Amino acid sequence: MFGRRGNEGTGKGGGLAPPPPMPAATIPAVSPIPTVSTGPEVFAEPPRDTGPAHRQPAASQPAGARKRPARNENYYDTKSQVFSALIDTIDLSQLSKLDTESAREEIRDIVNDIITIKNFAMSISEQEELLEDICNDVLGYGPLEPLLARDDIADIMVNGAGQTFIEVAGKTIESEIRFRDNAQLLSICQRIVSQVGRRVDESSPICDARLPDGSRVNVIAPPLSLDGPALTIRKFKKDKLTLEQLVRFGAITPEGATLLQIIGRVRCNIVISGGTGSGKTTLLNCLTRYIDSHERIITCEDTAELQLQQPHVVRLETRPPNIEGEGEITMRDLVKNCLRMRPERIIVGEVRGPEVFDLLQAMNTGHDGSMGTIHSNTPRECLSRMESMIAMGGFTLPAKTVREIITGSVDVIVQAARLRDGSRRITQITEVIGMEGDVIVTQDLMRYDIEGEDQAGRLIGRHVSTGITKPHFWDRARYYGEERRLAAALDAMEVGRT
């Protein structure tokens, strides 16, 4: 059979003692199994008032969603023996030349032969599970594959080999998935980060990376992580969310979605604010859909997550230092460089430090319509965080000057929040108007009011207008021919308020 070595192996001497785990270097660089994606910060499943039509029935769950029985040590001993025999039997150099499906079929044939020769007592279902697990180990991401195949999971959190948690519909639950040992988990972590030219080991135990579908990955390994490697994956959704879907999920009203469309269309400078997991990157992806196709867009990110559909997009990504501590390219380096690349819009995936000053300068010097995200819990706190991050950069500007730069650059702050019931909502759309003395003046166009909770513990609330009929960016909307649509949206929000 193609891909086999000359010896139809059952392992070295056919012995039954479990071999040591295979190091990552012995596994060929075969393209991983294509995985579905789920948004980096997905909004929750439809809330109570969206009706059963938007909920996924249990029968339609992916195969990976079926709960597997708990596995005992005998299963892992058997798998270890079969895996060792497979590595002794198969020709890895030939296997690496095959496409994923052909390589999977080749592995399944050889594993079936090994099980028959070694005479393992296994049911058909157990044998199928073993076949799938070994194929995932060689070609994919091992035990993670069933979780990556589920589109209802937003986050995967691996706390060492023996404990894995997942987030489903805004709630964190423990999964039955576990790894053979910490060596296997670290091997899979190394495989993931090596695909984007990064590494994780004792000398560099912290690493940010991404999967081929753009899902965000963070790894922290021993000695910093005491109980084994800790792996966190923020998944992308297979079907990218749109503002229309967010309306169906109750994250925003139709009028609010129209308002956001207009804000993106008329080149307002937008900052999306929110806490961890609140949906900032998902919302940023939604807003970029309304950028005109002829505009030149440059994105700057720590790990490339944004998936813009426009034809003229340049994607930039930071680089960590090498093993000698040199060669680091920071977010600020990227933002400063992209100013020389003739951008029409600059989009910073996440603003964490002094690069906020360069982004504000870009917003104020002819790059209208630029966007970014910031971790903060309210629009007012977002403005304070900008001031703090500018101070972190060593700038010794007076506080009033810093605030004038902010008000001259930022037009709108969109606040996203993850509520205590696990749902995600756009809680405020706030304009930055100007200064009164030393104070930055803002006004809310829309906010989300919580009115209570139902018997299931889900929060009940509604988006309400604040009564503003002529926002500060009205002249900009008129310049782009959007004033009628803006007036209609604001009128509809006002009707909804009463």
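Visitor: What percentage of the residues in the chain is buried?

Guide: This is a predicted model, in which local features need pLDDT of at least 70, side-chain atom pairs count only at pLDDT 80 or more, and totals for chains, interfaces and linings use all residues. Residues are numbered from 1 along each chain as its sequence is written, and side-chain values use heavy atoms, with hydrogens and water left out. Buried means under 20% relative accessible area, exposed over 50%, and partly exposed in between (1.4 Å probe, protein chains only). Of the 498 residues in the chain, the buried share is 51%.

Visitor: How many helices and strands does the chain have?

Guide: Both are DSSP runs numbered from the N terminus: helices are H or I with at least four residues, and strands are E with at least two. On that basis the chain has 15 helices and 15 strands.

Visitor: Which residues of α11 are buried?

Guide: Helix α11 spans residues 355–363 and is mostly covered, with eight of its nine residues buried. The cover includes β7 (270–274), α10 (331–338), β10 (345–348), β11 (371–375), α12 (379–392) and α13 (399–409), where contact means heavy atoms within 4.5 Å. The buried residues are Glu355, Val356, Phe357, Asp358, Leu359, Leu360, Ala362 and Met363.

Visitor: Is arginine 267 buried or exposed?

Guide: Arginine 267 is found in the loop between α8 (254–265) and β7. Its phi is near 65 degrees, a positive value in a residue other than glycine. Because its relative accessibility is 12%, arginine 267 counts as buried.

Visitor: Is arginine 342 buried or exposed?

Guide: Arginine 342 lies in the loop between α10 and β10. Phi of arginine 342 is near 55 degrees, again a positive value in a residue other than glycine. With a relative accessible area of 58%, arginine 342 is exposed.

Visitor: What is omega for the cis peptide bond that joins proline 222 and proline 223?

Guide: Proline 223 is placed in the loop between β5 (216–220) and β6 (230–234). For the cis bond joining proline 222 to proline 223, omega is about 10 degrees.

Visitor: What percentage of the contacts in the chain with a separation of 6 or more comes from residues 24 or more positions apart?

Guide: The count concerns contacts in the chain with a separation of 6 or more. Among these, residues 24 or more positions apart account for 63%.
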